[in-house]
Structure formats: structure tokens, C-alpha cells
Amino acid sequence: MELQRLHTSDIGAAMAFYREAFGWEFDDLGFGTMVRRPGYGDHLEATTDPDIRQRQADVNTPPGFEDAVAWFALAAPGEPPHWHVAFAVADRDRTVADAKRLGARILSEDDTEWTRAALIRDPQGAEFTASQFTPPSG
């Protein structure tokens, strides 16, 4: 699974464009803007992830999280708008070790309440995030 993040200085303009272009819907969750494609969770449940809703309910994800396809984030001052991909991984540390062995450079690692992530630059120069979902227990 992968999630995209659009870094932009004008989230309102991005919302207007992507709502019209793709039928996306948006939820401001305070820490970020979740981008949803209605029906995506139904597709995942029917094809590759039959337990998606129960698993997400078990960790109190926000309503509609099963339909999340991306996030919007404010770009840093002077940063041009761009998309960034985050790949879900089972084990961030193993992914980091494998990436290093294959010639990638690890730009940063971050642990939060919900994720363990690493920003990686592959040998060709493309950057992506490897993100391990680690919801709080209990």
C-alpha cells in the first residue's frame, strides 16, 4: 500500500482542483488534511484487505480512513509544490538495512505515536518514505 502527500502552499486551491479532477473529498484532522476517494475502502475490502474496517476500528482511526488515498501538507516557505510517496512496510528497520545494502542513502528516521518512518533516497536520486504502521497499544 502506498499513500501520497501533496506539499503545497495553497491547500484550498489544491482541494478545489482535485475535488473537480478526481472526485476526492477532504477532512481537516488538525494535524493534516486527509484526502479520500469514496468507495476506495469498499474496493480494498473486496479485493486485497477484507479486514480493513475492523483493523482500523480497533485502533480508532478517523471516520472514512479506509477511503484515504493521500494527504495534503503545507509546504515549507519557498518549497515548490510537489507530491511525495510513502510506502507501507512491515518493518522499517529491515527496509532501511535493505535500502542501504542496495546503495540507497537514509536521509532521516522518525518515530511517532502511529508510525516508524524513514526518508530514503534511492541510488538514482528519487526520494520516498518507508512507513511502518505502529498504532498505540491499549
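This is a predicted model: local features need pLDDT of at least 70, side-chain atom pairs count only at pLDDT 80 or more; totals for chains, interfaces and linings use all residues.
User: Which order do the helices and strands follow along the sequence?
Analyst: The protein has four helices and eight strands. Read along the sequence, their pattern is β-α-β-β-α-α-β-β-α-β-β-β.

User: What radius of gyration does the protein have, and why does it agree with a compact globule?
Analyst: The C-alpha atoms fill a box of roughly 40 × 40 × 30 Å along the principal axes. A compact globule of 138 residues would have a radius of gyration near 14 Å, and the value for the protein agrees with this; it is 16 Å.

User: What share of the contacts with a separation of 6 or more joins residues 24 or more positions apart?
Analyst: Contact here means heavy atoms within 4.5 Å. Of the contacts with a separation of 6 or more, the part that comes from residues 24 or more positions apart is 52%.

User: How much of the accessible surface belongs to carbon and sulfur atoms?
Analyst: The accessible surface of the protein comes to about 8,600 Å². The part of that surface belonging to carbon and sulfur atoms is 53%.

User: How far apart are the mean positions of the positive and negative charges?
Analyst: The protein has 13 positive and 23 negative charges.

User: Which residues does V35 contact, leaving aside neighbours within four places in sequence?
Analyst: V35 is one of the residues of the largest nonpolar core. With neighbours within four places in sequence left aside, its contacts are W24, E25, F26, D67, A68, V69, A70, W71 and F72.

User: How many residues are in the other core that lies apart from the largest one?
Analyst: The largest nonpolar core includes L6 and I11. Apart from that core lies another, with V85, V96, I120 and F128 among its members; its residue count is nine.

User: Is E66 buried or exposed?
Analyst: E66 lies in the loop between α3 and β4. Leaving aside neighbours within four places in sequence, E66 is in contact with Y40, G41, L44, I52, R53 and Q56. The relative accessibility of E66 is 17%, and the limit for buried is under 20%, so E66 counts as buried.

User: Which class of accessibility does N60 fall into?
Analyst: N60 lies in the loop between α3 (52–58) and β4. N60 is not a glycine, although it has a positive phi of about 55 degrees. Its relative accessibility is 67% and the cut-off for exposed is over 50%, so N60 counts as exposed.

User: What distance separates the C-alpha atoms of P62 and D27?
Analyst: P62 lies in the loop between α3 and β4. At 25% relative accessibility, P62 counts as partly exposed. P62 and D27 are 35 residues apart along the chain, and their C-alpha atoms are separated by 9.4 Å.

User: Which residues is H82 in contact with, leaving aside neighbours within four places in sequence?
Analyst: H82 lies in strand β5 (residues 82–88). H82 is partly exposed, with a relative accessible area of 30%. Once neighbours within four places in sequence are left aside, H82 is in contact with R5, L6 and H7.

User: How far apart in space are H82 and G39, C-alpha to C-alpha?
Analyst: G39 is found in the loop between β3 (33–36) and α2 (40–47). G39 counts as partly exposed at 32% relative accessibility. H82 and G39 are 43 residues apart in sequence, and their C-alpha distance is 26 Å.

User: Which residues is S108 in contact with, leaving aside neighbours within four places in sequence?
Analyst: S108 lies in strand β6 (residues 105–111). S108 is partly exposed, with a relative accessible area of 36%. Neighbours within four places in sequence aside, S108 is in contact with A117, A118 and L119.

Terms used
Residues are numbered from 1 along each chain as its sequence is written. Side-chain values use heavy atoms; hydrogens and water are left out. Helices (H or I, at least four residues) and strands (E, at least two) are DSSP runs, numbered from the N terminus. The radius of gyration is taken over C-alpha atoms; the globule rule is 2.2 Å times the number of residues to the power 0.38. Accessible areas come from the Shrake-Rupley method with a 1.4 Å probe; for residues, only the protein chains shown count as cover. Lys and Arg count as positive and Asp and Glu as negative; His and the chain ends are not counted. The place of a charge is taken as NZ of Lys, CZ of Arg, CG of Asp or CD of Glu. A nonpolar core is a set of buried Ala, Val, Leu, Ile, Met, Phe, Trp, Tyr and Cys residues joined through side-chain atoms within 4.5 Å. Buried means under 20% relative accessible area, exposed over 50%, partly exposed in between (1.4 Å probe, protein chains only).
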